[in-house]
Amino acid sequence: MKDVLVVYKSRYGATERYAKWIAEALGCEALPLKQVTTAVLLKYRMLIFGGGLYMGRINGVAALTRRFQELKDKTLFVFTAGLTEPEDDGYYTFLYTRNFTEKMRKQIHFFAFPGAVDGQKLGRFHRWMMGMVMKERARKDPENARAYLEMKMDFTDPRYIEPLVGKARGILQEWDEKRRRQEEIRRQADQEPDTEG
Ligand SMILES: Cc1cc2nc3c(=O)[nH]c(=O)nc-3n(C[C@H](O)[C@H](O)[C@H](O)COP(=O)(O)O)c2cc1C
């Protein structure tokens, strides 16, 4: 079985950037969700899933929650890209309880990263929705009103992945260590003189 795979669903590219940074840091592949089947997921011990936030939902996360029974022995990470400040604990607690059952929450390591938005790239419906949110933000924060109203912001940065990568690396190193110990035991057993018969 292989160790780790990053899977992501990204509409406008922010989640994809994070997925690729994480994969690069861990030396593994990052695949878009549409290319991934259950058979592929089952080949890995650790799965890191990323999805953008849309109206309080993690885009694509159903692909994970729907298969939760089959993935129950996997080490699971979920990360999101969104425009709600990661410091907003209340929002992320709401998000976490809304998207996962209690059982899932016990198994998932969850991380929230700052996202991006570019009004020019948004589809019509999304632009209209974001327009309403951004008008409200501009009203509350007049100093930055222009950036909000232009809907052009990019808060993505590779340094945000560090806690996730650190946690994943720790687990991967434990597995390596365990494999090395088992290999050592096997080697010693092979070298023992055969006393029987
Ligand atoms: C229609 C729409 C709804 C959104 N809803 C949320 C939301 O509920 N919470 C949030 O933090 N960000 C929200 N965002 C911001 C996105 O999560 C952000 O742009 C993110 O970077 C998108 O990632 P992606 O481009 O990889 O899909 C929304 C953006 C759009 C366009």
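Begin by selecting the ligand: it lies between domain 1 (2–115 + 155–178) and domain 2 (121–153), because both domains give residues to the shell around it; the domain bounds come from an automatic or database domain assignment. The model is a predicted one, in which local features need pLDDT of at least 70 and side-chain atom pairs count only at pLDDT 80 or more, while totals for chains, interfaces and linings use all residues. Residues are numbered from 1 along each chain as its sequence is written.

Next, display the shell itself. Around the ligand there are 24 residues, of which Ser10, Thr15, Gly52, Gly82 and Gly115 come nearest; a residue is near a molecule if its C-beta atom, placed from the backbone, lies within 6 Å of it. Two or more residues each are given to this shell by helix H1 (14–26), strand E3 (44–54), strand E5 (75–82), strand E7 (116–118) and helix H6 (124–140). Helices (H or I, at least four residues) and strands (E, at least two) are DSSP runs, numbered from the N terminus. Coloured by class, the shell shows 12 nonpolar, 10 polar and 2 charged residues, with Ala, Val, Leu, Ile, Met, Phe, Trp, Tyr, Cys and Pro counted as nonpolar, Asp, Glu, Lys and Arg as charged, and the others, Gly among them, as polar.

Now select H1 together with helix H8 (residues 162–191). The two pack at an angle of about 35°, with their axes 10 Å apart; axes are lines fitted to C-alpha atoms over the stretch in contact, and angles run from 0 to 180 degrees between N-to-C directions. Ile22, Ala25 and Leu26 of H1 meet Leu164, Val165, Ala168 and Arg169 of H8, contact requiring C-beta atoms, placed from the backbone, within 7 Å. These residues divide into 6 nonpolar, no polar and 1 charged.

Finally, show the whole protein, with its 8 helices and 8 strands. The centres of domain 1 and domain 2, taken over C-alpha atoms, are separated by 27 Å.

Notes: Two residues are in contact if their C-beta atoms, placed from the backbone, lie within 7 Å.
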